[in-house]
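Reader: Hi! Could you walk me through this model?
Author: Happy to, here it is.

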Amino acid sequence: MRVIYFRYDKEVIYFCEKLFRLNEEIEVQWKRDKHWGNELRINDEHVSLNDIILCFVEVFLFDRYHKMIKKIARETYYYSDDEEIERISQLTDFIISEKSYQKELFGEHESLANFIFYVLKENMEESSNPIHFDSFVTFCMQPISECIEKAVGFGIDEMKREEEYQNFVHSVRHYLRNRKSKTDVLHILQGEDFTFYNEKGEKYTRIQLRRLMHREPLYLIGLDENELNISPVITLLPEKIYVYGDNPSEAKTLALINLFEERVQFFPLEKFPFHINIK
């Protein structure tokens with residue numbers, strides 16, 4: 001017989017839900033305990049230690065994980081605004097699920113769930129009955145806390161980049177509103193860098209673009225003549241912008257739509273109106 005204690009009702013309920021999904025034959029006795037909150041007695045015959053640990057991981061991710069993120073945001077990084085803390089929590093979720101961060105955060109364990117399982121198993125294999133879930137979360141989760149703290153830091157960096165980008169978008173839109181259009185139509189082909197054509201189908205060379213950009217005060221909005229995707233469009237300042245390609249969700253195209261809004265229309269590559277060798 002395994003005896004497990006949970007402080008909170010919702011955690012013991014969630015634990016039981018996950019346990020019954022593993023095995024519907026499990027015999028469980030649940031009663032209140034005046035010292036530990038909730039006492040759960042489980043017949044060993046149908047449940048292994050690994051099963052219990054798997055369910056502990058689920059309970060932690062369900063109830064404790066976001067609380068830990070918000071506590072770290074407040075107490076380690078000194079954020080107090082609730083909206084900012086909620087955004088940090090959302091971005092930390094993204095960071096933790098993003099493959100590019102997994103090795104740095106979790107090493108060989110590859111995911112937060114696997115890492116929590118490893119930490120809990122290391123501690124629980126040496127423990128005896130009864131098992132106190134709250135004690136494990138309080139005293140044995142330092143490696144998890146450090147991991148999440150690092151992820152929160154990455155989330156905050158991501159939020160700052162978002163804020164910088166929104167400030168940039170605001171600056172560009174304000175700049176555009178106060179300037180008159182210089183050309184009627186600009187045609188753009190997607191690629192590693194955009195390729196630009198005037199309304200007659202004549203391609204703008206890089207030399208032409210740099211010469212034009214050199215006359216434009218792009219520094220006012222944080223751009224310069226070395227940026228060859230957005231800066232040329234701002235310099236040429238068309239009334240209509242037609243983008244042709246195979247990927248309407250491509251990052252440069254989305255940035256262009258975000259900045260120029262209703263001026264931009266996207267078309268498939270075969271709709272490009274000029275005779276040109278497109279590869």
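Reader: What stands opposite I4 in β3?
Author: That's L40. This is a predicted model, where local features need pLDDT of at least 70, side-chain atom pairs count only at pLDDT 80 or more, and totals for chains, interfaces and linings use all residues. Residues are numbered from 1 along each chain as its sequence is written, and side-chain values use heavy atoms, leaving out hydrogens and water.

Reader: Thanks! How many bridges join β1 to β3?
Author: Five, and the two strands run antiparallel. Strands are DSSP runs of E, at least two residues, and helices are runs of H or I, at least four, numbered from the N terminus. Two strands pair if DSSP finds at least two bridges between them.

Reader: And which residue is the partner of I4 in β4?
Author: I131. β1 and β4 (residues 131–132) pair in the parallel sense, over two bridges.

Reader: Is β1 buried or exposed?
Author: Five of its five residues are buried, so β1 (residues 2–6) is largely enclosed by the rest of the structure. Buried means under 20% relative accessible area with a 1.4 Å probe, protein chains only.

Reader: Which way do its side chains point?
Author: R2, I4 and F6 point one way from β1, while V3 and Y5 point the other way. In a regular strand the side chains alternate between the two faces of the sheet.

Reader: New topic: which helix gives the most to the lining of the largest pocket?
Author: α2, with seven residues. α6 (133–139) and α7 (142–177) each supply at least two. On a 1 Å grid over the protein atoms alone, a pocket is an open set of points where a 1.4 Å probe fits, with protein on both sides within 12 Å along at least five of seven lines; lining residues have an atom within 4 Å of a point.

Terms used. Buried < 20%, exposed > 50% of the residue type's maximum accessible area, 1.4 Å probe, protein only.
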